[in-house]
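Hi,

Here is the structure I promised to pass on. Have a look at it first, and then read on for what turned up.

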Amino acid sequence: MAFELPPLPYDYDALEPVISKETMTFHHDKHHKAYTDKLNEGVAADPKLEGQSIEQILGQISSLPPLLRNNGGGYWNHDFFWKIMGKPGSTSGPSGKLAEAIDAYGGLDKLKEDFNTKGAGQFGSGWAWVIVDQSGQLKVTSTPNQDNPLMDVVSDRGTPILGNDVWEHAYYLTYKNDRPGYLKAWWDVVNWDEVGRRFDAATA
Ligand code: MN3
């Protein structure tokens, strides 16, 4: 059973003006599709992986070929990324237990500042994350390339509840080299209801 490219949960132009229709079209139909296809090539080449979930594969990635690390990561990361976004301003902000955890972290402004600093400071391509760590606390991290906090090769492991793609393909058509500008604008498309659901699931 091959992994399938999941459809976007909204139209290609739903995130405008923060993320353009053209960026979303290339990002989903070309980049995410390529990760999906190459992940399937890697899984097909290794019979012991048949029937395993993507999370199971990522949890043992240190023992698997780079093709699976790069493309299994790319597959999971983008599926996650589409789901934690939504139309600009469509959710009002963190609520419930997530809001309490953000207060304990030091507040939403501090979380955003730390996240944007991690994203801007990630040299080359990668991702910025908010994870729930092993002690149930929020932590802001970043990873290179298509690595993510579910992988057994990453120092800051945990369950991602929020993440932003800082590869140039995610923003260059609109923001050119202004990665900090993209990171700042991006908060308007965060789907806080979905982030809250993921926080609740990670801490249940
Ligand atoms: Mn990407």
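This is a predicted model: local features need pLDDT of at least 70, side-chain atom pairs count only at pLDDT 80 or more; totals for chains, interfaces and linings use all residues.

By the rule used, the count of salt bridges comes to eight.

Now the overall layout. The protein splits into domain 1, covering 21–83, and domain 2, covering 96–203. Taken over C-alpha atoms, the centres of domain 1 and domain 2 are separated by 19 Å.

How do the two domains meet? On the domain 1 side, 21 residues are in contact with 26 residues of domain 2. As you know, accessible area lost when the parts come together is often how the size of an interface is given. Here the area buried between domain 1 and domain 2 is about 1900 Å², and carbon and sulfur atoms give 59% of that.

As for specific pairs, one salt bridge is found across the interface of domain 1 and domain 2. Across that interface there are also 10 residue pairs in polar contact, with both residues at pLDDT 80 or more. On the side of domain 1 that touches domain 2, the elements giving two or more residues are helix 1 (21–44), helix 2 (54–58) and helix 3 (66–83). Helix 3 supplies the largest share of that side, with 10 residues. By type, the residues on the side of domain 1 that touches domain 2 divide into six nonpolar, 11 polar and four charged.

Another salt bridge to look up is the one between D147 and R69, where the closest N and O atoms are 2.8 Å apart.

Then there is the metal. Which residues coordinate the manganese ion? The donors are H27 (NE2), H78 (NE2), D165 (OD) and H169 (NE2), at 2.0 to 2.2 Å. Along the sequence, these donor residues follow the spacing H-x50-H-x86-D-x3-H. H27 belongs to helix 1 and H78 to helix 3, so this pair ties together parts that lie 51 residues apart in sequence.

Two backbone details are left. Most residues other than glycine have a negative phi, and most peptide bonds are trans. Against that background, the peptide bond from E16 to P17 is cis, with omega near 5°, and P17 lies in the segment before helix 1. N145 is not a glycine, yet its phi is positive, near 55°. You will find N145 in the loop between strand 2 (138–144) and strand 3 (159–165).

Cheers

Key. Residues are numbered from 1 along each chain as its sequence is written. Side-chain values use heavy atoms; hydrogens and water are left out. Domain bounds come from an automatic or database domain assignment. Contact means heavy atoms within 4.5 Å. Buried area is the accessible area (1.4 Å probe) that two parts lose on being put together, summed over both. A salt bridge is a side-chain nitrogen of Lys or Arg within 4 Å of a carboxyl oxygen of Asp or Glu. A polar contact is a pair of N or O atoms within 3.5 Å; within protein, one must be able to donate a hydrogen and the other to accept it, and residues adjacent in sequence count only if both atoms are side-chain atoms. Helices (H or I, at least four residues) and strands (E, at least two) are DSSP runs, numbered from the N terminus. Ala, Val, Leu, Ile, Met, Phe, Trp, Tyr, Cys and Pro count as nonpolar, Asp, Glu, Lys and Arg as charged, and the others, Gly among them, as polar. Donors are N, O and S atoms within 2.8 Å of the metal (3.2 Å for Na, K and Ca); water is not among the atoms, so sites may look incomplete.
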